[in-house]
Amino acid sequence: MWQNSFLDLSWIRKLYLREGASEFTYGDFVDEGDMPFFDCGSYSYMVLRPFSADPVSVYLENTGERVAVDLSDFLRRLKTDVDFFVPEEARREDKLPRN
């Protein structure tokens, strides 16, 4: 299920710094050094990679695919198509809940 929500700043900090460990931690789904900021649902996040060669691009964390050249591009694309980052196969097979 796709959630599409921006993470609270305190969650971004906890995930990025891997704080608040418990038996179930969302940080387990984010690579070290990735800064999650957007929850796609199903333990999938959009991330920035601040210490990479391309620190302003937005990546889909679970595939590593670059989905936007920067945050403004991400927001523009999200505004026009809320699931632009969903693989074409998932769209074709109608695996996504629709309104």
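What share of the contacts in the chain with a separation of 6 or more comes from residues 24 or more positions apart? The share is 30%, where a contact means heavy atoms within 4.5 Å.

Before going further, a word on the basis. This is a predicted model, in which local features need pLDDT of at least 70 and side-chain atom pairs count only at pLDDT 80 or more, while totals for chains, interfaces and linings use all residues. Numbering starts from 1 along each chain as its sequence is written, and side-chain values use heavy atoms, with hydrogens and water left out.

Let us start with the fold. The chain contains three helices and five strands, in the order β-α-β-β-β-β-α-α along the sequence. Helices (H or I, at least four residues) and strands (E, at least two) are DSSP runs, numbered from the N terminus. Of the 99 residues, 35% are buried, that is, under 20% relative accessible area, with exposed meaning over 50% and partly exposed in between (1.4 Å probe, protein chains only). Leu17, in helix α1 (residues 9-17), counts as partly exposed because its relative accessibility is 46%.

Now to the interior. In soluble globular proteins, nonpolar side chains tend to be buried together. Here the largest nonpolar core has 21 residues, and Phe37, Phe38, Met46, Val58, Val67, Phe74 and Phe85 have the most contacts inside it. Such a core is a set of buried Ala, Val, Leu, Ile, Met, Phe, Trp, Tyr and Cys residues joined through side-chain atoms within 4.5 Å. Strand β3 gives the most to this core, with four residues. Leaving aside neighbours within four places in sequence, Val58 touches several residues, including Phe37, Met46, Val67 and Phe74.

The aromatic rings deserve a look of their own. The whole structure holds eight aromatic pairs, meaning rings of Phe, Tyr and Trp (its six-membered ring) with centres within 6.5 Å; planes under 30 degrees apart count as stacked, over 60 as edge-to-face and the rest as tilted. Phe74 and Phe84 are edge-to-face because their planes meet at 65°, with ring centres 5.9 Å apart. This pair joins helix α2 to the loop between α2 and α3 (88-92), across ten residues. Phe74 is buried at 0% relative accessibility, and Phe84 is buried at 12%. Phe84 also pairs edge-to-face with Phe85, at 5.5 Å centre to centre and 85° between the planes. Phe6, Phe37, Phe38, Phe74, Phe84 and Phe85 form one aromatic cluster.
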